[in-house]
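Student: Could we go through some of the labels used for this model and see what each one rests on?
Tutor: Gladly; let's set each value beside its definition.

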Amino acid sequence: MEMNEIHLEKIDSTQTFAKEKASQFPKDRITCITAEEQSAGRGRYQRKWVSPRGVNIYATFYFILPHDALHLTALAHVMGFSCAQMLIAEGFHPKLKWPNDVTLHRKKIAGMLCETSFLKGTAEIFLGIGLNVNMSHEDLVKIDQPATSLKEETGKLWDKAAVLKKLQKQFSHNLELFKKEGFFPFRDGFENLLAFKGETIRCFDGKKEWVGICHSLTNDGQLNLYMPEKGMHTLLSGDILGVLNKN
Ligand code: BTN
């Protein structure tokens with residue numbers, strides 16, 4: 001089924017807009033809200049998402065899932081994986097930095113933000129993605145972590161609308177599978193693209209720091225960190241802060 005598409009010239013955040021207008025969106029298909037520019041783009045953990053005008057994809061996908069849908073927390077992983085698949089089809093070699101950042105040459109090119117609200121036995125999903133498409137070198141270096149864009153990687157300008165269409169197609173397909181089987185069908189593919197696999201990493205789970213070897217993913221997308229002295233520790237959510245050694 002076709003997506004319902006809403007394109008905005010300028011907005012604070014496509015996430016905030018989607019939440020405000022959700023009651024007006026159809027419930028039987030995905031609504032994809034995009035913007036040319038965001039004045040208050042949001043990232044995970046209250047970070048800012050740098051959103052200059054006209055150059056990148058800023059999109060929120062809104063849809064409904066049953067309240068008891070399998071592994072809801074892995075939905076952002078499915079979007080990250082969809083983005084990586086789309087980039088692979090374009091000839092890139094992306095990695096997935098757990099939980100769901102997409103990177104090229106260890107620089108972030110896309111980030112996901114998944115927010116949910118529960119309504120009458122169903123879950124409303126607001127799944128945001130920011131993908132740097134034609135962002136200039138001058139703008140990329142202003143970001144507080146290593147970042148890249150398709151233009152930076154290839155030296156050419158990309159057709160933003162065409163990239164978005166490919167991403168939408170890949171994600172719609174993957175969402176159907178996720179609805180039936182949860183994250184499990186994506187686990188191996190995601191793990192094959194996992195950044196820092198086998199390397200010692202420093203992670204933050206929202207409360208505490210952990211150091212261990214980036215080992216594998218659980219069937220529902222959690223990160224297994226192997227600590228030689230304590231054994232396996234599984235992180236449900238959080239962030240990789242850095243790498244301690246390169247094997
Ligand atoms: C992250 O990596 O921290 C997540 C970044 C998510 C950014 C996107 S851009 C479209 C949507 N609107 C927002 O305000 N945030 C998400």
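Student: Why is the crossing of H2 and H6 called left-handed?
Tutor: The crossing of H2 and H6 is left-handed because that word applies when the near helix is turned anticlockwise from the far one by less than a right angle, clockwise being right-handed. H2 covers residues 75-89 and H6 residues 184-192; helices (H or I, at least four residues) and strands (E, at least two) are DSSP runs, numbered from the N terminus. Bear in mind that this is a predicted model, where local features need pLDDT of at least 70 and side-chain atom pairs count only at pLDDT 80 or more, while totals for chains, interfaces and linings use all residues. Residues are numbered from 1 along each chain as its sequence is written, and side-chain values use heavy atoms, with hydrogens and water left out.

Student: What makes H2 and H6 oblique to each other?
Tutor: Their axes cross at roughly 55 degrees and come within 11 Å. Axes are lines fitted to C-alpha atoms, for helices over the stretch in contact, with angles from 0 to 180 degrees between N-to-C directions. Under 35 degrees counts as roughly parallel, over 145 as roughly antiparallel, 65 to 115 as roughly perpendicular and the rest as oblique. H2 and H6 therefore count as oblique. Their contact (heavy atoms within 4.5 Å) involves His77, Val78 and Phe81 of H2 with Phe186, Gly189 and Phe190 of H6.

Student: How many residues of that contact are nonpolar, polar and charged?
Tutor: Four are nonpolar, two polar and none charged. Ala, Val, Leu, Ile, Met, Phe, Trp, Tyr, Cys and Pro count as nonpolar, Asp, Glu, Lys and Arg as charged, and the others, Gly among them, as polar.

Student: How do you know how H2 and H5 are oriented to each other?
Tutor: The axes of H2 and H5 (residues 160-181) cross at roughly 135 degrees and come within 9 Å. By the cut-offs above, H2 and H5 are therefore oblique, and their crossing is right-handed. The residues of this contact divide into eleven nonpolar, four polar and one charged.

Student: Why are the buried residues of H6 said to line one face?
Tutor: Phe186, Arg187, Phe190 and Glu191 are the ones buried in H6. Seen down the H6 axis, they fall within an arc of 130 degrees, so they line one face; the arc is that of the directions from the helix axis to the C-beta atoms. These residues pack against H2, strand S4 (95-97), H5 and strand S9 (209-217).

Student: Is Lys108 buried or exposed, and how do you know?
Tutor: Buried means under 20% relative accessible area, exposed over 50%, partly exposed in between (1.4 Å probe, protein chains only). At 10%, Lys108 is buried. It lies in strand S6, and its contacts include Trp49, Asp101, Asn132 and Gln145.

Student: And what makes His105 exposed?
Tutor: Its relative accessible area is 65%, so His105 is exposed. It lies in the loop between S5 and S6.

Student: Which peptide bond is cis?
Tutor: The bond joining Trp98 and Pro99, with omega about 10 degrees. Pro99 lies in the loop between S4 and S5.

Terms used:
Lists of a residue's contacts leave out its neighbours within four places in sequence.
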